[in-house]
Amino acid sequence: MAASRQFSVQVEVLLRDGIADPQGATIERALPALGLDGVTAVRAGKSFRFDLAAASESDALAQATVVADRLLANPVIEESQVTVRPSGAPA
Amino acid sequence: MAPRIGVVLFPGTNCEYDAIQAVERLGATAELVWHGATSAAGYDALILPGGFAHGDYLRPGAIARFSPVMDTVAAYAADGGPVIGICNGFQVLTEAGLLPGALQKNRGLRFLCTTTTVRVERDDTALTTGVPVGTELAIPINHFEGNYTCDTATLDQLRDEGRIVLRYVDNPNGSIDDIAGVCNAGRNVVGLMPHPERASDPLLGSEDGAVLLLALLRTADAAAPAA
């Protein structure tokens, strides 16, 4: 069996442009109370982190992309960005 | 024989007994189908009722899609069995890919709990068979993520194929093309955000939902094997 390595994965999920983002809009409306009135285009999303054992970095990215596209994000209304980096020694 | 309706119960579903009571009052028999069930044999129709399946964690319907029963529901639907998703059940059906599109947060950013008027657009689906097109029904909604959306190609397809089943007369939540309910290509899977079971008794202020549930029971009756 091919040796597997550990990878740290981060998946960021944001609503697509044009999809209502009540959290982002509400945060933006609250900011003037801090005396900050130059903040615009606030978008609220979700961030997921997990560890993944895979044969290679490209394999890890492929697997993490499946997780992102098939579970963490609904492609009809959301877009995801996957970041993979090696963590620790070969397992 | 009275049609036998299965009402799918996920952890966090909360409208299952409303659905059972409503269809039993209209002459059906109904029972709960646990989300771990791997068979829907013997049911003449399935209802996925409202609530917060799996706590609505991640997104409404996102985890429910992986419940074992959903493979059963998909196979049942593929065989032509009538499947109705109400509110959260509609969200589950879209996440499972049994219906197109998605339900995003309401325009106006508010949870909505109010009676809406919906217009029946098709008389040939599992939930509207025999209901005259243009019939207007007063049925409550109760949701935060009820704003139906899909890409332009999907919307064109839904229009061309006559798969928009119900439209809001006065769009409460920003749904694209005023859509309150859609169906699959086979017309046996229907999802809608309004709660017909909550408008099925004079005590509830409207009996208009019974019009849709009776249509479902007619469909179920027709789907039932001759006894």
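How many helices and strands does the secondary structure of chain A come to? I looked that up before anything else, keeping in mind that this is a predicted model.

**Entry: chain A, the overall build**

My count for chain A is two helices and three strands. Reading from the N terminus, I get the run β-α-β-α-β.

Next I checked the dimensions. The C-alpha trace of chain A spans about 55 × 30 × 15 Å along its principal axes. Its radius of gyration is 17 Å, whereas a compact globule of 91 residues would come near 12 Å. I also noted that 20% of the 91 residues of chain A count as buried.

Then I looked at the contacts in chain A between residues at least 6 apart in sequence: 71% of these join residues at least 24 apart.

**Entry: the sheet of chain A**

I traced the strands here. The three of them make an open sheet in the order E2-E1-E3, with antiparallel pairing. Strand E2 (45-54) and strand E3 (78-86) of chain A are the edge strands, and each pairs on one side only. From one strand to the next, the twist averages 20°.

What packs on this sheet? I found helix H2 (residues 57-72) of chain A there, touching E1, E2 and E3 of chain A. The direction of H2 makes about 155° with that of E3(A).

I also went into one pairing in detail. Strand E1 (residues 5-15) of chain A is joined to E2(A) by ten bridges, and the two run antiparallel. As one example, A:Val11 has A:Phe48 in E2(A) as its bridge partner.

**Entry: the sheet of chain B**

Over to chain B. I found an open sheet of nine strands with mixed pairing, and wrote down the order as E2-E1-E3-E4-E11-E10-E9-E6-E7. Strand E2 (29-34) and E7 of chain B stand at the edges; each has a single partner strand, so one side of each lacks a neighbour in the sheet. Ignoring direction, neighbouring strands of this sheet are turned by 25° against each other on average.

For a closer look I picked strand E9 (residues 164-168) of chain B, which three bridges join to strand E10 (residues 179-183) of chain B. These two run antiparallel. Here B:Arg167 stands opposite B:Ile179 in E10(B).

**Entry: the cores**

Which residues have the most contacts inside the largest nonpolar core? They are B:Val8, B:Leu46, B:Ile47 and B:Leu216, in a core of 72 residues. Helix H5 (residues 208-223) of chain B gives the largest share of this core, eight residues.

I followed up B:Val8. Leaving out residues up to four places away in sequence, it touches B:Val33, B:His35, B:Leu46, B:Ile47, B:Leu48, B:Val69 and B:Val73.

There is also a second, separate core of eleven residues, and A:Val9, A:Ala60, A:Ala64 and A:Val84 are among them. As background, nonpolar side chains tend to be buried together in soluble globular proteins.

**Entry: B:Ile141**

Beyond four places away in sequence, B:Ile141 touches B:Leu112, B:Thr114, B:Thr116, B:Gly146, B:Pro172, B:Met193 and B:Pro194. I also took one distance: the C-alpha atoms of B:Ile141 and B:Gly81 are separated by 26 Å, the two being 60 residues apart along the chain.

**Entry: two positive phi values**

I noted two residues here. B:Leu58 has a positive phi of about 75° without being a glycine. I found B:Leu58 in the loop between strand E3 (45-48) and helix H2 (68-78) of chain B. With 17 C-beta neighbours inside 10 Å, B:Leu58 counts as partly exposed.

B:Cys87 is not a glycine, yet its phi is positive, at about 60°. The loop holding B:Cys87 lies between strand E4 (83-86) and helix H3 (88-95) of chain B. B:Cys87 has 28 other C-beta atoms within 10 Å, so I put it down as buried.

**Entry: where the chains meet**

How many residues of chain B are in contact with chain A? I get 13, facing eight residues of chain A. On the chain B side, strand E5 (102-104) and strand E8 (147-149) each supply at least two residues. By class, that side of chain B has four nonpolar, five polar and four charged residues.

Conventions: Residues numbered from 1 in each chain as written. Chains lettered and ligands numbered in written order. Predicted model: local features only at pLDDT ≥ 70, side-chain atom pairs only at ≥ 80, totals over all residues. Contact = placed C-beta atoms within 7 Å. Helix = DSSP H or I, 4+ residues; strand = E, 2+ residues; numbered from the N terminus. Nonpolar A, V, L, I, M, F, W, Y, C, P; charged D, E, K, R; others polar. Rg over C-alpha atoms; globule rule 2.2 N^0.38 Å. Buried ≥ 20, exposed ≤ 12 C-beta atoms within 10 Å, placed from the backbone. Core = buried A, V, L, I, M, F, W, Y, C linked by C-beta atoms within 7 Å. Pairing = 2+ DSSP bridges. Axes fitted to C-alpha atoms, helices over the stretch in contact; angles between N-to-C directions.
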